[in-house]
Every structure is written in C-alpha cells, then in structure tokens.
Amino acid sequence: MADRQNRVGSKFGGGGVSSTQQSERERKERLRELALETIDLAKDPYLMRNHLGTYECKLCLTLHTNEANYLSHTQGKKHQAGLARRAAMEAKLARQKGETDVMMPLKSALQSTRSATKVKIGRPGYEVSKSRDPQSNERCLTFELHYPELDDPKSRQPRHRFMSAYEQRVETPPDRNYQYLLVACDPYETVAFKIPNEPINRGEGKFVTNWDTTGKVFTLTLHFVEGQSASQEQ
C-alpha cells in the first residue's frame with residue numbers, strides 16, 4: 001500500500017495529496033450518486049442492454065460495462081452535447097409541423113376548389129353535317145357542339161385544333177389518310193373528330209367558327225380544297 005501521508009507536499013495527518021486520477025474517480029462517483037437520485041434508468045430512452053450483458057447509449061453509440069458507468073457517461077460533455085442537438089432538432093421539427101398544420105386547411109380548401117372546377121361533366125352533344133359548296137363544289141363539313149351546362153359562356157369559349165394521325169395514341173397503327181379535329185371546353189370532355197387528311201381551304205368564308213353565348217352552341221365549318229389531293233398524288 002502506498003504511503004500517502006509522508007509524500008512531499010502533504011500535511012501530517014492529512015492522508016497525503018491525491019493524484020489526478022483519484023480526483024477524477026471521486027468526481028465521477030459523485031456524479032454517479034447524483035444521477036442515481038435524479039435519473040430513472042427504466043425511463044431512459046437511450047439506454048439499451050445488448051445480448052452480451054453490457055449497456056449501450058443509443059444517442060452517442062457508446063458501450064458501457066454497467067449501469068454506473070452509463071450514468072457517469074450521461075453526465076459527460078459528449079452525452080450532454082448530444083442531448084442539446086437532439087432537443088434543437090426536435091424543436092425545429094415541431095415548428096415545421098406547426099407551420100404545416102396551419103397550411104393544411106388552406107391547401108385542402110384550394111385543392112377542393114380546384115377539383116370542383118375541374119369536374120368533368122361529360123361529352124357534349126354534337127351534330128356533323130356534310131354538304132358541297134354550290135359555287136366551287138368543295139366538300140364541306142359543319143360541326144355543331146352543345147354545351148348547355150357551361151356556367152359562364154362569356155368567359156369560357158370552346159377551342160379547337162388539328163392533330164395528325166401520328167400524334168394520337170388511340171388508333172394503332174396510325175393512318176396517314178386521316179387527321180383529327182379536337183374541340184375542348186372545360187369542364188366538358190374533349191371531343192375528337194376523324195376527318196380526311198386533305199388540305200383545308202383557309203380563304204375568306206371557307207373556314208368559319210362561331211360561339212353562341214346565349215344558346216351555348218359552338219359551330220365550326222370547313223371546306224376541303226377540291227382536287228388538291230388528287231393533283232398531289234399524281
């Protein structure tokens with residue numbers, strides 16, 4: 001046994017000067033006793049006992065031989081810094097969740113409004129008539145579409161465009177002898193008409209569209225250029 005009483009610098013009867021290691025052990029022991037009084041290990045979410053019988057700190061990923069060693073670790077700088085980081089992260093997530101909860105009613109209201117405006121009524125009623133121009137003998141097609149359930153016909157007008165056989169994905173293989181006339185007007189479904197893929201006369205009075213806001217009827221009349229396709233084939 002070491003003689004601590006007669007060491008240099010020690011007073012007679014004082015038991016000698018304790019070493020740095022001894023002071024550290026005493027400090028840890030005091031911290032452990034304090035932790036035992038304030039910490040309930042059964043409720044510690046970071047303490048885990050593994051299959052080897054030792055203890056693990058899930059926060060710091062450290063191993064400990066016994067509960068006393070783990071308690072001493074919980075009072076150290078590494079564990080305390082980990083707790084502070086975890087608390088800051090949880091506070092940040094809580095703030096984000098609070099902002100999300102506040103925005104959710106607004107988002108749901110906007111989504112419900114948008115979905116309400118985008119509800120499809122169905123396919124509009126339509127009529128297609130064929131005729132020939134009495135002067136030029138050009139073939140003529142007239143499309144008449146009815147939109148009786150349209151809420152505001154003055155701000156919503158049907159739109160049309162032509163689509164080639166290679167753009168569509170309904171009929172395969174595509175037939176280049178035909179093209180498609182599309183007419184769209186929300187909230188009705190888009191209607192497509194299959195017409196011959198021939199040049200259309202865009203001259204005055206040969207391609208006419210009309211939107212009747214009172215009757216909610218859209219009319220489109222077109223003329224094919226007579227003899228154009230035959231001359232191209234030759």
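Glu-56 sits across from Leu-63 of strand 3. This is a predicted model, in which local features need pLDDT of at least 70 and side-chain atom pairs count only at pLDDT 80 or more, while totals for chains, interfaces and linings use all residues. Residues are numbered from 1 along each chain as its sequence is written, and side-chain values use heavy atoms, with hydrogens and water left out.

Strand 2 (residues 55-57) pairs with strand 3 in the antiparallel sense over three bridges; pairing takes at least two DSSP bridges, and strands are DSSP E runs of at least two residues, helices H or I runs of at least four, numbered from the N terminus. Helix 2 packs on the sheet and touches strand 1, strand 2 and strand 3, contact being heavy atoms within 4.5 Å. The direction of helix 2 makes about 140° with that of strand 3 (axes are lines fitted to C-alpha atoms, for helices over the stretch in contact, with angles from 0 to 180 degrees between N-to-C directions).

At the N-terminal end, Asn-66 caps helix 2, with a side-chain oxygen 2.7 Å from the backbone nitrogen of Asn-69. Among the buried residues of helix 2 (residues 67-74) are Tyr-70, Leu-71 and His-73; buried means under 20% relative accessible area with a 1.4 Å probe, protein chains only.

## The largest core

Now to the nonpolar core. Phe-143, Leu-145, Tyr-147 and Leu-222 touch the most other members among its 19 residues. Strand 11 (217-224) is one of the strands that supply at least two residues, and strand 11 gives the most, with four.

How values were computed:
Buried < 20%, exposed > 50% of the residue type's maximum accessible area, 1.4 Å probe, protein only. Polar contact = N/O pair within 3.5 Å; in protein donor to acceptor, adjacent residues only side chain to side chain. Core = buried A, V, L, I, M, F, W, Y, C linked by side-chain atoms within 4.5 Å.
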